[in-house]
Amino acid sequence: KCPGRLADYASAYVHRRIPGGPGKLTLLCDANTDGSFLVHHFLSFYLKANCKVCFVALIQSFSHYNIVGQKLGVSLTVARECGQLVFLEGLKSSVDVFFRAQAEPHPLQFLREANAENLQPLYEFVREALKPVDDGEAAWRCPVLLVDDLSVLLSLGMGAVAVLDFIHYCRATVCWERKGNIVALVHDSGDTEDEENNILLNGLSHQSHLILRAEGLATGFCRDVHGQLRILWRTPSQPTTQRDQSLTYQYKIQDKSVSFFAKGMSPAVL
Amino acid sequence: MAAVATCGTGAGSTGSVVAAGSKNHVTSFQRRGPRASGSDSSYSRLVSIAGTRPSVRNGQLLVSTGLPALDQLLGGGLAVGTVLLIEEDKYNIYSSLLFKYFLAEGIINGHTLLVASAKEDPADILQELPAPLLDDNFKKDFDEEACNHKTAESNIKMKIAWRYQLLPKMEAGPVSSSRFGHYYDASKKMPQELIEASKWHGFFFPEKSSSTLNIEPCSLTHGYIKLLQFIQNIIYEEGFDGSNPQKKQKNILRIGIQNLGSPLWGDDICCTENGNSHSLTKFLYVLRGLLRTSLSACMITMPTHLIQNKAIISRVTNLSDTVVGLESFIGSERETNPLYKDYHGLIHIRQIPRLNNLIYDVSDVKDLAFKLKRKLFTIERLHLPPDLSDTVSRSSKQDLAEPSKLLGPGCGVMAGGKKHLDF
């Protein structure tokens, strides 16, 4: 069986299976490969599902996500204009914050500071972006926070604990209070001894409901199989009843989609 | 476009517009109008900038790195708005040569240069740029050399090893029809009049280190802060970020930063493992922010082999767009290894960005070696000679395992493998 839109299936499955409805933390992780296709997928998935999305995009520009989004069938510009998408463009904002003193606290304030303690301004930004609109009619479905990626925050001087605190605060607001979802990408640095990154990754893995891990193939580069995706369902609220389940698929990324297949069943091999 | 105007002022900003009732029946994702970020400005205006061409894959504007062979490996060239990180070879011989090719290409194309170094005065660096090779002179020499090679890859149909005929050939000589990349003669210097006619800005850290900072102290080292301010100043003053709409002729700013991360910049990550681990990464982040919002391209050489804390190297790689590593054989045991006798070193394409795309151009060839011939820097697929005798194979098998272990993790972001297939 080749589920084409695998990650849709995974997220929908998670939402149905765990009682209490949405309010999930999904962790995206990549090891020895580029997992950004997962970010693009979730962005287009939630926009198409009519959710209100706050996207903290730290690693690429708005136009990059927009162009890829158009290939996947959503327009970020339209979404941003009508208020469905709140987009924090990290690269562009960092230039503003770094070179000009800002009048009000900026979400990326920590770039100017020598020893920033926490990510509170960033949390305030997220909370403000996803606060409920009280004009009577609910325009959008559940709010979603998407972060690409959290490992960059470590490179910019924040400690792993500060980033974990930030996610904790966001969970309290977005997942519990507003019944929304959080999707965040963290790189797995493997054996490069990045202690802070390992702390962050382990801490988040422990709290996530769903982990999607894109890995490079153990045997190296292959033109037809770009990597392997491991899906791990976790039920942190019910530790005794159900055991964690996991599935593994191999994938190939194409221009406008990603195709998944069972291990060893790549169309190139069959 | 009349149809678009009737859609109302709400749709006036950039992006996709549903052009209802248009005669041309355009789809709803029609991009029109210029945008703030340099790489997305209107297509026709950008193509006219000298020394650039759009990528065949996604229309991204590319500039040449100065080495056509490297351009080919990077999917056509270096994308405007991105950072190319060169991991220096041990004695900084070939990486500084690549640096000079990059700057020389800028001069030939009329781009503005920004040269930053903590070791050499930029004016001296510019004096030592290689001279461009004119097509007619080069062709004579190239033909001479081509005759000397025994061409197994001639047009004779192969009978036994016929699969090799299907492999793509790597371009080694100048393609006279394209004006995109140029070839340079490393033994001659760039003519003085070309250097004087070019527009360049130099940042020599020892000269600038004394002036005061007007920014709050953050975790960046002094040198990096000053360099960022210098770059931002040039971009703003000369309108590379589109802030000056009066300028009719757009141009590219080529930024070259040498030996970033070395102690000469005031950074201690090459000296100790517990150095300032955020200074360099923060610098790269803000630099990339500057590049993404302007018409510029940057090449950085970094002595990564000196960085003590390996975590920093992986963070630096994640923060750069394209990463190429050079490994020269000088001084290593490989210099005398018969396997590598034709080459001067290995070149590893560690990372290629996926810009505006889910997929990217990646070369199928992972084992690449370079050599500096009399005049030309060539990059070729690493050819291993066949095992002909028992003794040869015994010693070479060990050596084969070594590079493939090195090449494995260095295979770029597509997939890294630790186990190599053992036949």
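How many residues does the contact take from chain A, and how many from chain B? The contact takes 56 residues from chain A and 54 from chain B. The model on display is predicted, and the tour begins where its two chains meet.

**The contact between the chains**

Select chain A and chain B together. Between them the two chains bury about 4900 Å², and carbon and sulfur atoms account for 58% of that area. Next, highlight A:F98, A:F99 and A:F221. These residues supply 14% of the area that chain A buries against chain B, more than any other three residues.

**Chain A: a covered helix**

Select residues 62-72 of chain A, which form helix α3. This helix is mostly covered, with ten of its eleven residues buried. Among the buried residues are A:F62, A:H64, A:Y65, A:I67, A:V68 and A:L72. To see what surrounds them, display α2 (36-48), β2 (51-57), α4 (76-81), β3 (85-89) and β4 (141-148) of chain A, against which the buried residues of α3(A) pack. Then move just past the helix to A:G73, which takes a positive phi of about 100°.

Go to A:N32, in the loop between β1 (25-31) and α2 of chain A. Most residues other than glycine have a negative phi, and most peptide bonds are trans. At A:N32, by contrast, phi is positive, near 65°. The residue counts as partly exposed, because its relative accessibility is 46%.

Continue to A:D149, in the loop between β4 and α7 (151-155) of chain A. The peptide bond that joins A:D148 to A:D149 is cis, with omega about -10°.

Now select A:P105, in the loop between α5 (90-99) and α6 (120-129) of chain A. Is A:P105 buried or exposed? A:P105 has a relative accessible area of 68% and is therefore exposed.

**Chain B: an overview**

Turn to chain B, which has twelve helices and 14 strands. Of its 423 residues, 51% count as buried. The chain exposes about 20200 Å², and 54% of this comes from carbon and sulfur atoms. Among contacts in chain B with a separation of 6 or more, 70% are accounted for by residues 24 or more positions apart.

Select B:N92, in the loop between β4 (83-87) and α4 (94-109) of chain B. B:N92 has a positive phi, near 55°, and is a residue other than glycine. With a relative accessibility of 14%, B:N92 counts as buried.

**Chain B: helices packed on α10**

Display helix α9 (residues 222-237) and helix α10 (residues 279-292) of chain B; they pack at an angle of about 5°, with their axes 10 Å apart. At that angle, α9(B) is roughly parallel to α10(B). Show side chains in the contact, including B:L228 and B:I231 of α9(B) and B:F283 and B:L287 of α10(B). By class, this contact has ten nonpolar, two polar and no charged residues.

Terms used: Residues numbered from 1 in each chain as written. Chains lettered and ligands numbered in written order. Predicted model: local features only at pLDDT ≥ 70, side-chain atom pairs only at ≥ 80, totals over all residues. Heavy atoms only, no water. Axes fitted to C-alpha atoms, helices over the stretch in contact; angles between N-to-C directions. Helix = DSSP H or I, 4+ residues; strand = E, 2+ residues; numbered from the N terminus. Parallel < 35°, antiparallel > 145°, perpendicular 65-115°, else oblique. Contact = heavy atoms within 4.5 Å. Nonpolar A, V, L, I, M, F, W, Y, C, P; charged D, E, K, R; others polar. Buried < 20%, exposed > 50% of the residue type's maximum accessible area, 1.4 Å probe, protein only. Areas by Shrake-Rupley, 256 points an atom, 1.4 Å probe, with all protein chains shown as cover. Buried area = accessible area lost by both parts, 1.4 Å probe.
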